[in-house]
Amino acid sequence: MSSKDRQALDVVAQVQELLEGTPGATAVLDELRMGRVSPEEAMTRLAEAVLISGHAEEMVEMSS
């Protein structure tokens with residue numbers, strides 16, 4: 001596995017951890033896994049949950 005791949009996986013793990021600690025996000029992730037919402041709808045709802053929880057700045061930092 002390349003260094004870039006490892007870094008990408010680390011970012012995904014950090015984002016998942018942040019989302020799991022964000023109120024409302026776990027329910028959206030569960031609905032996505034069960035196929036009850038589209039990926040587009042899930043992304044919109046997750047973004048709203050992150051904004052409401054105050055984790056938006058953290059998420060932006062992770063993505064860069």
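What share of the 64 residues in this chain is buried? The figure is 22%. Buried here means under 20% relative accessible area, exposed means over 50%, and partly exposed lies in between, with a 1.4 Å probe and protein chains only.

A word on the model before going on. This is a predicted model, where local features need pLDDT of at least 70, side-chain atom pairs count only at pLDDT 80 or more, and totals for chains, interfaces and linings use all residues. Residues are numbered from 1 along each chain as its sequence is written, and side-chain values use heavy atoms, with hydrogens and water left out.

Now the overall layout. The chain has four helices and zero strands. Read from the N terminus, the order is α-α-α-α. Helices are DSSP runs of H or I with at least four residues, strands are runs of E with at least two, and both are numbered from the N terminus. The C-alpha atoms fill a box of roughly 35 × 25 × 20 Å along the principal axes.

Next, the surface. The accessible surface comes to about 4,700 Å². Carbon and sulfur atoms hold 56% of that. These areas come from the Shrake-Rupley method with a 1.4 Å probe, and for residues only the protein chains shown count as cover.

Charges next. The chain carries 5 positive and 12 negative charges, and their mean positions are 7 Å apart. Lys and Arg count as positive, Asp and Glu as negative; His and the chain ends are not counted. Each charge is placed at NZ of Lys, CZ of Arg, CG of Asp or CD of Glu.

On to contacts, meaning heavy atoms within 4.5 Å. Take the contacts with a separation of 6 or more: 49% of them join residues 24 or more positions apart.

Helix α1 covers residues 3-20 and helix α2 covers residues 25-33. Their axes come within 7 Å and cross at roughly 120°. Axes are lines fitted to C-alpha atoms, for helices over the stretch in contact, and angles run from 0 to 180 degrees between N-to-C directions. Which residues meet? From α1, Q16, L19 and E20; from α2, A25, T26, L29 and R33. That set divides into three nonpolar, two polar and two charged.

Now go to helix α3, residues 39-53, and find L46. Is L46 buried or exposed? L46 is buried, because its relative accessible area is 8%. Beyond its neighbours within four places in sequence, L46 contacts L19, A25, V28 and L29. V28 is 18 residues away in sequence, yet 6.9 Å away C-alpha to C-alpha.

At 25% relative accessible area, R45 is partly exposed. Leaving out residues up to four places away, R45 touches V28, E31 and V37. R45 and L29 are 16 residues apart in sequence and 9.7 Å apart C-alpha to C-alpha.

Last, T44, again in α3. T44 is partly exposed at 41%. From T44 to V28 is 16 residues in sequence and 10.0 Å in space, C-alpha to C-alpha.

How values were computed. Ala, Val, Leu, Ile, Met, Phe, Trp, Tyr, Cys and Pro count as nonpolar, Asp, Glu, Lys and Arg as charged, and the others, Gly among them, as polar.
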